[in-house]
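User: I am new to this structure and would like to learn how to read its features. Please take them one at a time.

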Amino acid sequence: MSLVISDDLVKASGFSENELFGEIVLMLFQQDKISLGKASELLGLHRMQFQKLISDRGICVNYDIDEFQEDLKTLEETE
């Protein structure tokens with residue numbers, strides 16, 4: 001599925017298309033609609049880069065047990 005955002009909205013926001021997409025992803029993450037991993041993936045960033053980005057913006061990370069277990073699994077697979 002694709003979402004079309006009007007040129008008027010992009011222009012009114014003052015952001016480029018990519019910047020507006022990034023703002024939407026950050027908003028969805030901040031509202032717990034998408035996970036840290038999904039937000040990182042959508043923005044094409046390594047998780048640590050995304051964590052730096054949200055830290056710079058003062059956005060708190062809600063890190064739950066499921067995400068912790070997912071991270072442990074990823075670490076075990078990479079070793």
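**Pockets, rings and salt bridges**

Analyst: His46, Arg47, Met48, Gln51, Asp71, Thr74, Leu75 and Thr78 line the second largest pocket. This is a predicted model, where local features need pLDDT of at least 70 and side-chain atom pairs count only at pLDDT 80 or more, while totals for chains, interfaces and linings use all residues. Residues are numbered from 1 along each chain as its sequence is written, and side-chain values use heavy atoms, with hydrogens and water left out.

User: What is a pocket, and what volume does the second largest pocket have?

Analyst: On a 1 Å grid over the protein atoms alone, where a 1.4 Å probe fits, a pocket is an open set of points with protein on both sides within 12 Å along at least five of seven lines; lining residues have an atom within 4 Å of a point. A volume is the space filled by probe spheres set on the points, which are joined across faces, edges and corners. Here the second largest pocket has about 180 Å³.

User: Which helix gives the most to the lining of the second largest pocket?

Analyst: Helices are DSSP runs (H or I, at least four residues), numbered from the N terminus. Helix 5 gives the most, with four residues; helix 4 (47-56) and helix 5 (65-78) each supply at least two.

User: How is an aromatic pair read, and how many does the structure hold?

Analyst: Rings of Phe, Tyr and Trp (its six-membered ring) pair if their centres lie within 6.5 Å; planes under 30 degrees apart count as stacked, over 60 as edge-to-face and the rest as tilted. There is one aromatic pair. The ring centres of Phe29 and Phe50 are 5.3 Å apart and the planes stand at 90°, so the pair is edge-to-face. Phe29 belongs to helix 2 and Phe50 to helix 4, 21 residues apart.

User: Are Phe29 and Phe50 buried or exposed?

Analyst: Buried means under 20% relative accessible area, exposed over 50%, partly exposed in between (1.4 Å probe, protein chains only). Both Phe29 and Phe50 are buried.

User: What is a salt bridge, and how many are there?

Analyst: A side-chain nitrogen of Lys or Arg lies within 4 Å of a carboxyl oxygen of Asp or Glu. The count comes to four. One of them joins Arg57 and Glu23, with the closest N and O atoms 2.6 Å apart. Arg57 is in the loop between helix 4 and helix 5 and Glu23 in helix 2, so the pair ties together parts 34 residues apart in sequence. Another links Lys52 with Asp56 at 2.9 Å, both in helix 4.
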